[in-house]
Amino acid sequence: QVQLAESGGGLVQPGGSLRLSCAASGIPSGIIFSVYTMGWYRQTPGKQRELVANIGRSGRTNYTDAVKGRFTISRDYAKKMVYLQMSSLKPEDTAVYYCNTKFTLANRDYWGQGTQVTVSS
């Protein structure tokens, strides 16, 4: 029922920037679905999906060390959207980026379809 729609991926040159957006919809009502975090993961061929960044209900954020200082995650509670501003992009950032919503009380995760980010000259 919960759907996440990512956008903003594309091809950029090293050192460039992209802003990813994710819109959540269909979130059920009820206390069990009232507490959730949103985040971004990424995956490259042959590798496991890894956390890039997430943001909790308090606004607390965490980032994987590889992107600290370059990526910024933010969210709009009213619009139920999460963003990932990516700057100083490196070829190593090339991956499919997935939006994630984790409902902590329900112990459930929902994923978007992913958006391709390619950093290449």
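Predicted model: local features only at pLDDT ≥ 70, side-chain atom pairs only at ≥ 80, totals over all residues.

**Disulfide**

I searched the whole structure and found 1 disulfide (a pair of cysteine sulfur atoms within 2.5 Å). Cys22 and Cys99 form the disulfide, with their sulfur atoms 2.0 Å apart. The pair links distant parts of the chain, since Cys22 sits in strand β3 and Cys99 in strand β9, 77 residues apart. I then looked up the torsion about the S-S bond of Cys22 and Cys99: it is about -85°, so the disulfide is left-handed.

Residues are numbered from 1 along each chain as its sequence is written, and side-chain values use heavy atoms, with hydrogens and water left out.

**Open sheet**

Strands here are DSSP runs (E, at least two residues), numbered from the N terminus, and two of them pair if DSSP finds at least two bridges between them. I traced an open sheet of 4 strands in the order β1-β3-β8-β7, with antiparallel pairing. β1 (3-7) and β7 (71-76) stand at the edges with a single partner strand each, so one side of each has no neighbour in the sheet. I counted 5 bridges joining β1 to β3 (residues 18-25). Cys22 turns up again here, as the bridge partner of Glu6.

**Strand β4**

I checked burial along β4: 7 of its 8 residues are buried, so β4 is largely enclosed by the rest of the structure. On the pairing side, 8 antiparallel bridges join β4 to β9, and 5 antiparallel bridges join β4 to β5. Gly39 stands opposite Asn100 in β9 and opposite Asn54 in β5. β4 and β5 form a hairpin with 6 residues between them, and Gly46 in the turn has a positive phi of about 80°.

**Core**

Which residues touch the most other members of the largest nonpolar core? Of its 31 residues, they are Trp40, Leu84, Met86 and Tyr97. Such a core is a set of buried Ala, Val, Leu, Ile, Met, Phe, Trp, Tyr and Cys residues joined through side-chain atoms within 4.5 Å. I also listed contacts (heavy atoms within 4.5 Å) of Met86 beyond four places in sequence, among them Leu20, Phe71, Tyr97 and Val117.

Key:
Buried < 20%, exposed > 50% of the residue type's maximum accessible area, 1.4 Å probe, protein only.
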